[in-house]
Amino acid sequence: MSEQDRRQYFRIDQRVSLELKVISEAEIDIHPNPTQFDVSPNFLLLSELQEMDAESSHLLRKISEKDNNISSLLKIMHNKMERIAQAIASSEMTIGNAAIQEVNLSEGGVQFRHNESFEEGCFLSVKLIFPESCLGLLIYAQCIRSERMGDGSYLTGAEFVKMPESCRMILARQIFESQARQRKKQAEQATEED
């Protein structure tokens, strides 16, 4: 992906839990989805439900055009299932060995600080958890840079590779929601200052 292509994505600073494992390119070919982390069956629950939401939203709009009562009932049932899933996911969501840190995130990749250097071009298996929403994603990435910083850490940039469309959509939604929260917070701060 060229520098210009990377710049077309919206970027946000986001607090996440990030775990990384260096892998071979062959592992990506063998396993289309990362298998390098031990995760509970509920780890990807909310992500899978969000994927289903995206698939069903068009149908829900069509139903609401024909019958508002059925549409309202389906929305209530959806919200109920979402709350149950969030309760299950949050009770089982463990951060593990990875500390929560601020990263710069887009649909195309992630930039973060790490205490070890990664070889440019190496492939990574990434476990990404959004603590606020209890969403977890397993994604492959390729290191595009790892620069030593003054404090001894390494500023690392990784580009997502062979990412399923469902993961891209979830990342896009997380970025959109984070931007909306930031705008709301800025608006509230501006109101308080007036």
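On a 1 Å grid over the protein atoms alone, a pocket is an open set of points where a 1.4 Å probe fits, with protein on both sides within 12 Å along at least five of seven lines, and its lining residues have an atom within 4 Å of a point. Grid points are joined across faces, edges and corners, and a volume is the space filled by probe spheres set on the points. With that in hand, the second largest pocket holds about 260 Å³ of space.

Before going on, some ground rules. This is a predicted model, in which local features need pLDDT of at least 70 and side-chain atom pairs count only at pLDDT 80 or more, while totals for chains, interfaces and linings use all residues. Residues are numbered from 1 along each chain as its sequence is written, and side-chain values use heavy atoms, leaving out hydrogens and water.

Now the overall layout. The chain has five helices and six strands, taken as DSSP runs (H or I, at least four residues, for helices; E, at least two, for strands) and numbered from the N terminus. Read from that end, the order is α-β-α-α-α-β-β-β-β-β-α. Of the 194 residues, 36% are buried, meaning under 20% relative accessible area with a 1.4 Å probe and protein chains only; exposed means over 50%, and partly exposed is in between. Among contacts (heavy atoms within 4.5 Å) with a separation of 6 or more, 73% link residues 24 or more positions apart.

Back to that second largest pocket. It has 15 lining residues, and N33, L44, E48, L138 and C167 sit nearest its centre. α3, β5 (135-148) and α5 (165-193) each give at least two residues to this lining.

The largest pocket has a volume of about 440 Å³. Its lining takes in 17 residues, with D53, S56, L60, L74 and H78 closest to the centre. Two or more residues come from each of α3 (45-66) and α4 (68-92), and α3 supplies the largest share, 10 residues. By type, the lining splits into eight nonpolar, five polar and four charged; here Ala, Val, Leu, Ile, Met, Phe, Trp, Tyr, Cys and Pro count as nonpolar, Asp, Glu, Lys and Arg as charged, and the others, Gly among them, as polar.

What about the interior? In soluble globular proteins, nonpolar side chains tend to be buried together. A nonpolar core here is a set of buried Ala, Val, Leu, Ile, Met, Phe, Trp, Tyr and Cys residues joined through side-chain atoms within 4.5 Å. The largest one has 25 residues, and L18, L105, F112, L128, F130 and L171 touch the most other members. β1 (12-23), β2 (100-105), β3 (109-114), β4 (123-130), β5, β6 (154-161) and α5 each put in at least two residues, with β5 giving the largest share, five. Leaving aside residues up to four places away in sequence, L105 touches F10, R11, I12, V110, L128, F130, F160, L171 and I175. Apart from this core lies another, of five residues, including I23, I28, F123 and V161.

Two more residues are worth a look. Q174 lies in helix α5 and counts as buried because its relative accessibility is 3%. Beyond residues up to four places away in sequence, Q174 touches I12, Q50, F130, S133 and L135. K162, by contrast, counts as exposed because its relative accessibility is 58%. K162 sits in the loop between β6 and α5, and its phi is near 45°, a positive value in a residue other than glycine.
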